[in-house]
Amino acid sequence: MGYSAVNRRYFLASASAFALAGCAERGAFLPVPYVAGDSVQPIFLATDRKVDAQLNPGDGRGDAPAFGRVDVRIPAAHEVGQVELPLAGRDNSDKLGVLETRRYDTMASFLAQVAATGSARDEVQIFVHGYNYTLAEVVYRHAQMAFDYQIPGPQISYSWASAATAVGYLEDRDSVAISRDGLEALLTALARSERRKIRILAHSMGCLLVMETLRQMAIGGNTAAFSRLSDVILMSPDINLELFESQIVRLGRFPTQLWVLVAQNDLVLQLSERISGNRARLGRVTDFSRLQQMGVNVVDLSSFEDSDLGNHAVAMSSPQVIALFRGLLGSDFRNSPARRVPGIAEIAFPASSSS
C-alpha cells in the first residue's frame, strides 16, 4: 500500500523543512558588497563535490578533493540562529553573502592557510553537514554558527556530495559511504600539520559520516589523529542506535570527549526511523544510561524548539540553546559555581566516570 497517511505527512513536513529556499537558488554563492557595520566570517572549504575555479558547484563528485576559502558577509541585521539566504536579483543588504572566494591548488597550500589563521590557543573547527544541503548552504550555515557562537580560530567545512534534494535520502547515504576516505585524508593531514586541537562538529547524516570515518581509521590503525581531537560533537545524529553502539565498541578507549545532542521532538528523525524500518535513531534516544556507560555524554534538548526545521537543527538555530552553550564554551561547566548561564545539569547527562 506504500506510505501510510502519517508517513506521507512526515515526509512532506521533512521535504518542506529541508527545502530551505523553496524553488529558488538554495543559497547560491552570491556576491554582496561590504557595508559598514557588517562582519566577515571566513570559512575554509574541503569538498569532494565537483567545483569550478570560483568554487561554484557542478553536478556530483569531482575527480579529486577540492580546497578553498569563502569569506561570508554577516549583515548587521543578522538574527541569531537564522541563515538569511541571499537570492539573485533581490536586495540582499540584510542577507548573508560572499565577499570573496579563493581556491587552493593543493591540500598543502590549503593547510598552510589554515595554520596561519587564528592564534596558538584556538582550536580548529571542522563542520560536517547533514542530508539535503547544497554547497552554499553548508558554508552559510557554518558561518552562521561560528559567528553566533563566537568561536575563534579556523573554521573548516567538509562538504560531501549531497544530492541536495528532499527525496535524495538514500542517495545521500551512499554518498556518505563514499566520502569516508576523503574525510579520513583531511583529518590525517590536518593532525600532522597542526599543533592545535581539533573539534569535529557534525549534524544529522553528517554524524554517520564522522563515526564511520573514525571507525574506519581505528580498523586501519590510523589512530594518531585521535590524540589531536578535543571533542567530537554529534548534533541530532541520524544513526541507527545499534550501529552507533557497535561503532563505539570498535573505537575502544577513545581518547577524547564524545557528545551526543538529542531531542525526542525531532520530526525529521521520526521520519528517518519510519523509512528505516522503525529502527531507533541515536538523535531520539531516551535511554541515556546505555550511552553513559560507554563513555558518551548526552545532552537532551527536547525542551527547545527551532523555528522551521522540525526541531532537527535546535543546536544550530535556537537562540536559547546558542546563548546557553556560548556561555559554556571553554569552561568546566559541570563544576563551575560562578557560571552566569542556566545550569547545564538541567539538560545534560555527563558520561559515567567508571571504566
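1. Start with Ile126. Its bridge partner in strand 6 is Ile200. This is a predicted model. Strand 4 and strand 6 (residues 198-203) are paired over 5 bridges, in the parallel sense.

2. Strand 5 (residues 155-159) also pairs with strand 4. The two run parallel and are joined by 4 bridges. To get from strand 4 to strand 5, the chain passes through helix 3 (residues 135-149). This β-α-β crossover is right-handed.

3. Now look at the side chains of strand 4. In a regular strand, side chains alternate between the two faces of the sheet. Val124, Ile126 and Val128 point one way, while Gln125 and Phe127 point the other way. Are these residues buried or exposed? All of them are buried. Strand 4 (residues 124-128) is largely enclosed by the rest of the structure, because 5 of its 5 residues are buried.

4. Which residues have the most contacts inside the largest nonpolar core? They are Phe110, Leu214, Leu234 and Phe244, in a core of 55 residues. Helix 6 (residues 205-219) gives the largest share of this core, with 9 residues.

Methods
Residues numbered from 1 in each chain as written. Predicted model: local features only at pLDDT ≥ 70, side-chain atom pairs only at ≥ 80, totals over all residues. Heavy atoms only, no water. Buried < 20%, exposed > 50% of the residue type's maximum accessible area, 1.4 Å probe, protein only. Pairing = 2+ DSSP bridges. Right-handed = clockwise from strand over helix to strand, strands pointing away. Core = buried A, V, L, I, M, F, W, Y, C linked by side-chain atoms within 4.5 Å.
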